[in-house]
Structures are given as structure tokens and as C-alpha cells.
Amino acid sequence: MIKITDILQLTDKQKLALKHIGKGKIIFYGGARGGGKSYLSHVAANLFCYKIPELRCIIIRETYPELEDVFISHQEERFPPNLFKYKYQSRSNICEFQNGSRIMFKPLDSAKAARKIMGSQFQLMIIDEANNYDEQTLRKLLGSVRNTNPNINFKSTVLMTGNPGGQSDFYFKTRFVNPDYKYWDKGELKYKDNYVFIKAMVYDNPYIEQQYIDMLDTLPEDLRQAWLYGNWTTFEGQFFSEFNHEHHVIAPFPIPKDWHKVMGFDIGYTKKHPAVALCIAQNPITNELFVFDEYVGIGSTEEYIETIKEIINTYNINIVYADPSMWNDTKKDKHTDESPAFMFLKAGIPIVQANNKRVNGWRIIKQWLHWTEKRSSKLKIFDNCSYLIQTLPLNKYNTSSLVNKEDCDTNGPDDAIDALRYAIVTGFGYPLGKGNEIQITEETNDFKNFIALYNEEIVKENNNDDEEEKIYKRYINADGYYSNYAMY
Ligand SMILES: Nc1ncnc2c1ncn2[C@@H]1O[C@H](COP(=O)(O)OP(=O)(O)OP(=O)(O)O)[C@@H](O)[C@H]1O
Ligand SMILES: [Mg+2]
């Protein structure tokens, strides 16, 4: 037997990943560019096929030219056939090992190709750049990997790689990068100890050329964060590229009683699509909107009614802009045979059917989120609204349809943004004109100064108003956030 370390010099992260192979794990390796992901995939396939007789291994990439470029063209030079004891069959793209094992190089570029792969049996499935596939396809692929040969001393394994910026980033983020069990279904939770994430970045790979690191370093900031550091919050393809945590998320302050408050409500009954209610208030002077509270739940229509009633009474909200599907007869409640909208109205909740023009609605939300170095955005979110804050940046463009290319992908976590859209598009008009705009100069770039300037503007504005003697003033707490609002 050849000693692998005599031929290949693996990085520590690559060695760590290899230790998990053959043990029934689902491994996600990488999470940033250039960490030696494809190389590891190639080594894993060859090493285990060489070691374990009768092993069925598949290496999947999106297209054949990519497979050729990344794997096949390096196969014989990296893994000499006389040492590893295999023959490469170029017609079928299969490496056949003397011990009966085989590596199949397979492009997954169509539903038909996916069905074929799912119908075959593999004990080692390697999906390079796995987050380019949608979650459903991935789950089906994962489900098709099983130990079919009882003689094999190898527990079936899936090895996936990927960088932020694919279709199923949400899946990889919540399952591997920052596991968030509220998104896992029963089957996943049962085997949660089998999920392994090994974060490998370009700095873990001594074999990379400096030119590659320089290229990553000069990328636009969002992409640099994503690809160089494996930051999964800001990635290419993010639908709301305007969203910036530092800018839009603020510490809560008590909402003054006289501010107009509304709720946006998106109904749902499953873990993937829960019901979401967002409470939004508008500052009557600056016209800014503040998302100040949220509810996220999975329950029955009756339970939602109870909770929503309690929230609107607590905050004195007098209108709820709701998901138009609640008026559908097809969504009638099993027990009462009434539409959810009818049940809400009967319970005294003031719901109004929201405007549901999606593309136009998103444009309006983007307008509210828009900001520049000199002008603050008109929409802010209190930091207690964690579901909205977490899911808003995870929504992606709909890349599957050319017609709806300005729409976001409905496979993503879109419940909170739908609730936001219902409330904002139907409930408020975007303030036009320069009247209340807050100019930020270079000296006032830091948030504390910005708030101080903001207060000054408000006081000035009200002082100029001779028929009204009301003067508003905000108090700034030590962190620079406005913590209270008083009228005198
Ligand atoms: N253990 C190793 N020994 C020798 N070369 C290696 C090793 N690991 C990675 N490399 C080399 O480093 C470079 C980058 O590796 P690789 O292509 O596997 O990274 P990656 O994470 O797949 O990158 P990308 O994000 O661009 O797909 C390649 O030239 C590869 O051959
Ligand atoms: Mg690669």
C-alpha cells in the first residue's frame, strides 16, 4: 500500500476533513475561496477508492467543462495510475480501481441528471460548489446516499464544498456555518451530530499563489468579506444589497404614544414558512419608519388571532396590513370552514388586504432601505427584531426565472420581508422632497454626532414653525443611541 503522505502534502484542514470520511457524516468543507476545497475533494475520492474495495464514489460539479478543468485534467498527474491502481475510462468519465472501486465524474446540469444520480447508489458523494444547487435538490441528493454494500467497511459520507454566493446559502448557513436548529426538520435533528463544518480559508492553503490572494483582496467589500473571510451575511446575489447591519439596526427606544403604528402580517403554518407579524411606527416629523417589534410563530389561526390581538392592544395599533392569501377560500380553516381573514375580522382585528404586487413592492422597500454616506435611510429596525434582521439579508434574487429577475427567490426565508412589504407598501408613502432629509457631513459621520445633528434639525424645524409651540427633543444615551423622546 502506498503511503499517502509520501505523495501528497495535505494542509491541516484537509487532513481534518479526511478523518471524518467513512464515518456516516455530512461534511461541509470550506466556506470561503481558495482553501483547497476542490483539491481535497479530489484527494478524498482517490484515497478512499484506493483503500476501500467496492466503493462507489461520485464527484459532482455543475458542468462537464468544470469537471474537466478542476478534476479530470489533473487526475493522472496527481494520482499516478500505476501507484493508485486504476484506469481512467475517458468515454464514461470513470476511474476504475483494481479493487472494484470507482470514481464517477458527473455534471449535474439538469433535472434529468439529478434523477439519474439519485437513482444510482454511492457511498461517497462529493459535491463541489454544492451551494449552487437549490435546497430541495441537495436534500434529495443527500437522501440518496446510503450504505448498500454490507461488506464495505465504510459508512456512507457526503462531502460538500462551497463559497458564499450560491442558491442555497441559507441552507449552508443554518445547517453548517452557524447551525440554527429552528430551521432543521425532525430527520435532520435526529442526525444532527453527523453534520460537520470545517472552515478553511485561503490563508489555510500554503499552495495558493499570491496573485489569487491579491485578487480576493481587491474585490468590492461585500464580496471580499464573503470570499476572503467566509462571511455568509453579505454575499453576492443578496436581494437587499442596501441592507447594512451597522446602518439599519438600532437599539430600541420607547415609541411615543402619538406616533402612527401599524402591523404587517404574513400568515404561515410551517417551520420553513412561519407566521410573522412586524410592528412599525412612523416618526411624524422626519417620516422615518421604525420596525419596533416582531412576532414569529407556528400555530393555528386561532392562536395567531389571540397573539395578534394582544400585540395590537399593547401597542395601540389600529390597522394590520395582511397577506392577501388570507382571503382565499382555498385557505379555509379545517375546523371552522372560514377563511383566516374572516376569522381575524370576526375576532375584531382590523385587517386590510395588503397590496401584493411583488416587484413594485420590493422596489419600494429598497427605496426605504437606501442610504448613502451623506444621507441616512428612512427605515430602521430595532435590534430585538432578530428574525427580520437575520432573514432579510439571506433573501436572494430569483435566478430561475428571466421574467421575474427583479423578484426575490420565494424559496428563501421571505416571511419577514413579506410582512414588511405588506405594511410599508400599503401603509405608507415614501417621503419625497428634501424637507426632512438628514445630511451627514464628513465630520458627523459617526453615529453619535449624527444623532446630535439630527436632534438639532428637529428642534430647528419646530422652532421655525410659529403656529405650533411644540418642541421635540431627543435624549441621547451613553452609546449614542436615542433612548427617549419627550415633548415639552
Ligand atoms: N494539499 C495541497 N497540495 C498541493 N496543492 C494544493 C493543495 N491544496 C490546494 N492546492 C492548490 O491550491 C490551489 C487552490 O486549491 P483549490 O482549487 O482546491 O481551492 P478551492 O477552495 O477549491 O478554490 P475556489 O474557491 O477557487 O474553488 C490549487 O492550485 C490547488 O492545486
Ligand atoms: Mg474549487
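**Entry 1: a loop residue, Glu129**

I began with Glu129, which I found in the loop between strand 6 (124-127) and helix 8 (135-143). The model I am reading is a predicted one. I looked up the backbone angle of Glu129 and noted a positive phi of about 60°, although the residue is not a glycine.

**Entry 2: the chain as a whole**

I next turned to the overall make-up of the chain. The secondary structure comes to 19 helices and 17 strands. The chain has 488 residues, of which 36% count as buried. I also looked up the contacts with a separation of 6 or more, and 69% of them join residues 24 or more positions apart.

I traced an open sheet of eight strands and wrote down its order as 3-4-5-2-6-7-1-8, with mixed pairing. Its edge strands are strand 3 and strand 8, each of which pairs on one side only. The twist from one strand to the next averages 15°.

As background, I noted that strands of a sheet pair through backbone hydrogen bonds, either parallel or antiparallel. I looked for an example of each sense here. Strand 2 (residues 56-61) and strand 5 (residues 102-107) run parallel and are joined by six bridges. In this pair, Ile60 stands opposite Lys106 of strand 5. Strand 3 (residues 86-89) and strand 4 (residues 94-97) run antiparallel, with four bridges between them. Here Lys87 has Glu96 in strand 4 as its bridge partner.

I followed the chain from strand 3 into strand 4 and found that the two form a hairpin with four residues between them. Asn93, in the turn, has a positive phi of about 55°.

I also recorded a helix placed against this sheet. Helix 9 (residues 169-177) lies across strand 1 (26-31), strand 7 (157-162) and strand 8, and it runs at about 100° to strand 8.

Leu278 stands opposite Glu294 of strand 12. The loop between strand 11 and strand 12 holds Asn287, whose phi is near 70°, a positive value in a residue other than glycine. Asn287 is partly exposed, because 16 other C-beta atoms lie within 10 Å.

**Entry 3: the nonpolar cores**

Which residues of the largest nonpolar core touch the most other members? I listed Ile27, Ala45, Phe48, Cys49, Cys57, Met125 and Ile126, out of 51 residues in this core. Helix 3 supplies the largest share, seven residues.

**Entry 4: the surroundings of ligand 1**

I finished with ligand 1 and asked how many residues surround it. The shell has 16 residues, and the closest are Gly36, Lys37, Ser38, Tyr39 and Tyr207. By class, I recorded four nonpolar, 10 polar and two charged residues. Helix 3 (residues 37-51) gives the most to this shell, with three residues.

Tyr207 sits in the loop between strand 8 (195-200) and helix 11 (210-217). I noted that Tyr207 counts as exposed because it has 9 C-beta neighbours inside 10 Å, and 12 or fewer is the cut-off for that class. Tyr207 and Gly34 are 173 residues apart in sequence, yet 9.5 Å apart in space from C-alpha to C-alpha.

How values were computed:
Residues are numbered from 1 along each chain as its sequence is written. Chains are lettered from A and ligands numbered from 1 in the order in which they are written. This is a predicted model: local features need pLDDT of at least 70, side-chain atom pairs count only at pLDDT 80 or more; totals for chains, interfaces and linings use all residues. A residue is near a molecule or strand if its C-beta atom, placed from the backbone, lies within 6 Å of it. Ala, Val, Leu, Ile, Met, Phe, Trp, Tyr, Cys and Pro count as nonpolar, Asp, Glu, Lys and Arg as charged, and the others, Gly among them, as polar. Two strands pair if DSSP finds at least two bridges between them. A nonpolar core is a set of buried Ala, Val, Leu, Ile, Met, Phe, Trp, Tyr and Cys residues joined through C-beta atoms within 7 Å. A residue is buried if 20 or more other C-beta atoms lie within 10 Å of its own, exposed if 12 or fewer, and partly exposed in between; C-beta atoms are placed from the backbone. Two residues are in contact if their C-beta atoms, placed from the backbone, lie within 7 Å. Axes are lines fitted to C-alpha atoms, for helices over the stretch in contact, and angles run from 0 to 180 degrees between N-to-C directions.
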